[in-house]
Amino acid sequence: MTLSRSRTVAYFLIVLATMLPLTYVGCHALPESTFQLEKASRLPRWLALPAGFAPMDVSVTMSYYSYPWGSRAGFVMQDHAKHTLRSAEGSEGCGYWSLKDPFRNGAPFSYPAYTAVTVAGVTEIMMHKKMEPFFSVTDDAAVWKQFESVCGRVAKSR
């Protein structure tokens, strides 16, 4: 028994309509990688401390997500009891770069590595000092200068 062409197209559209939302949910439920903010680092500008909390009272987790339409980074601020106090999600632009190999051009990956994340129009640069589960927010002028030259734009947060 063969299906008519219109039925085949209808089945294909049903499968496609079912799979696209599952792709989003699946990608968002399974981060590519997750990192903890170093205690010595400042908080990203879009994660202000709630009233009555000091920086040592919270932990911040950053997770990278890869979607077919681009990369995202999600941030969660929690207290010591693991209650979520704040969260934010933004786009990860320009990929990873290093001061040693800004365009990678086949060069081996080097550390520290940087990536820019933009949330609500404010860009911050995340630094990974070495291959470890920690990150920090950097204000290093040389890193920002390279970001502006590599990505071709000036960050709004500066």
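Two strands count as paired if DSSP finds at least two bridges between them. That rule applies to the hairpin that joins β2 to β3 through two residues. The model discussed here is predicted.

**Overall layout**

The protein has two helices and seven strands. Along the sequence, the order is α-β-β-β-β-β-β-β-α. Of its 158 residues, 35% are buried. The exposed surface comes to about 9600 Å², and carbon and sulfur atoms supply 62% of that area. Take the contacts between residues at least 6 apart in sequence: 49% of them join residues at least 24 apart.

**Strand pairing**

β2 and β3 run antiparallel and are joined by ten bridges. Within this pairing, Tyr65 stands opposite Arg72 in β3. The turn between β2 and β3 is a hairpin of two residues.

β3 also pairs with β4, which covers residues 84-97. This pairing is antiparallel too, over seven bridges. Here Phe75 faces Ala88 in β4. The hairpin of β3 and β4 has four residues between the strands. In that hairpin, Lys82 takes a positive phi near 70°.

**Nonpolar cores**

In soluble globular proteins, nonpolar side chains tend to be buried together. The largest nonpolar core in this model has 18 residues. Which of its members have the most contacts inside it? They are Trp46, Val60, Met62, Phe75, Met126 and Phe135. β2 provides the largest share, four residues.

Val60 shows how this core is connected. Beyond its neighbours within four places in sequence, Val60 is in contact with Phe35, Gln36, Leu37, Leu43, Leu47, Phe75, Val76, Met77 and Phe135. Two of these partners, Phe75 and Phe135, are also on the list of residues with the most contacts inside the core.

A second core is separate and has nine residues, including Tyr114, Ile125, Val143 and Cys151.

**Aromatic residues**

The count of aromatic pairs comes to seven. In one of them, the ring centres of Phe35 and Tyr64 lie 5.7 Å apart. Are these two rings stacked or edge-to-face? Their planes meet at 70°, so the pair is edge-to-face; the cut-off for that class is over 60 degrees. The pair links distant parts of the chain, with Phe35 in strand β1 and Tyr64 in strand β2, 29 residues apart.

Trp97, Tyr114, Trp144 and Phe147 form one aromatic cluster. Of these, Tyr114 also belongs to the second core. Trp144 lies in helix α2, residues 141-151. Between Trp144 and Glu124 the C-alpha to C-alpha distance is 9.4 Å, and the two are 20 residues apart in sequence.

The table lists their values.

| Residue | Relative accessible area | Class |
|---|---|---|
| Phe35 | 13% | buried |
| Tyr64 | 1% | buried |
| Trp144 | 1% | buried |

Why does Phe35 count as buried? Its relative accessibility is 13%, and buried means under 20%.

Terms used:
Residues numbered from 1 in each chain as written. Predicted model: local features only at pLDDT ≥ 70, side-chain atom pairs only at ≥ 80, totals over all residues. Heavy atoms only, no water. Core = buried A, V, L, I, M, F, W, Y, C linked by side-chain atoms within 4.5 Å. Buried < 20%, exposed > 50% of the residue type's maximum accessible area, 1.4 Å probe, protein only. Contact = heavy atoms within 4.5 Å. Phe/Tyr/Trp six-rings, centres within 6.5 Å; stacked < 30°, edge-to-face > 60°. Areas by Shrake-Rupley, 256 points an atom, 1.4 Å probe, with all protein chains shown as cover.
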